[in-house]
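Please find below a note prepared for the discussion of this model.

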Amino acid sequence: MTRQEFFKSPKMKAISSNIFSCAVLGYVIAGLTLYLDVIRSGRYFSIATVVVLLACSLLIHLLQSRVAAIVLTAYSGLVVLITHTINGQYSGWWVVLIGVYAIIFTFKFQNAWQQEKEFGE
């Protein structure tokens, strides 16, 4: 069984749907950031955030990447701290939550995949 077949198997249904949900939420937030911050407000420095969100969401979705989930969480946490320092209010904390969930479920998948490779039920 290949990794993708295992990911799509019925016993991975809950984990794969949660990983997919995290990725889709990342896509939506990247799109909203692009529209609201870059297009409407003209804050072109937000393009970096859009690129990081989109790249990490794609890697989480397509490769179930633990590294991308960690990078997404760390980057969004840094953005929340910087935003709080500049504006005095917390914004973007929901991206941190998405990243935390992505970390949890990508690690669960990778552990299950390791067990599948070792014991091959």
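The points below go from the overall fold to individual residues.

1. Basis of the note. The model is predicted: local features need pLDDT of at least 70 and side-chain atom pairs count only at pLDDT 80 or more, while totals for chains, interfaces and linings use all residues. Residues are numbered from 1 along each chain as its sequence is written, and side-chain values use heavy atoms, with hydrogens and water left out.

2. Overall fold. The protein chain has five helices and zero strands, in the order α-α-α-α-α along the sequence. Helices (H or I, at least four residues) and strands (E, at least two) are DSSP runs numbered from the N terminus. The C-alpha trace spans about 55 × 25 × 20 Å along its principal axes. Of the 121 residues in the protein chain, 35% are buried; buried means under 20% relative accessible area, exposed over 50%, and partly exposed in between (1.4 Å probe, protein chains only).

3. Aromatic pairs. Three aromatic pairs are present in the structure. Rings of Phe, Tyr and Trp (its six-membered ring) pair if their centres lie within 6.5 Å; planes under 30 degrees apart count as stacked, over 60 as edge-to-face and the rest as tilted. Phe 6 and Phe 109 form a tilted pair, at 5.9 Å centre to centre and 35° between the planes. This pair links distant parts of the chain, with Phe 6 in helix 1 (residues 3–7) and Phe 109 in helix 5 (residues 93–119), 103 residues apart. Phe 6 counts as buried because its relative accessibility is 1%, and Phe 109 counts as buried at 0%.

4. A further pair of Phe 6. The ring centres of Phe 6 and Trp 113 are 5.5 Å apart and the planes are at 40°, so this pair is tilted. It again links distant parts of the chain, helix 1 for Phe 6 and helix 5 for Trp 113, 107 residues apart. Trp 113 counts as buried at 11% relative accessibility. Phe 6, Phe 7, Phe 109 and Trp 113 form one aromatic cluster.

5. Charge over a ring. The charged end of Arg 66 sits over the ring of Phe 107, 5.2 Å from the ring centre. The criterion is that NZ of Lys or CZ of Arg is within 6 Å of the ring centre and within 35 degrees of the ring normal.

6. Thr 73. This residue lies in helix 4 (residues 66–87) and is buried, with a relative accessible area of 14%. The side chain of Thr 73 reaches the backbone oxygen of Gly 99 at 3.1 Å.

7. Gln 64. What backbone angle sets Gln 64 apart, given that it is not a glycine? Gln 64 has a positive phi of about 50°. The residue is found in the loop between helix 3 (47–63) and helix 4, and counts as buried at 1% relative accessibility.

8. Phe 20. Phe 20 is found in helix 2 (residues 13–40). Is Phe 20 buried or partly exposed? With a relative accessible area of 43%, Phe 20 is partly exposed.

How values were computed: Polar contact = N/O pair within 3.5 Å; in protein donor to acceptor, adjacent residues only side chain to side chain.
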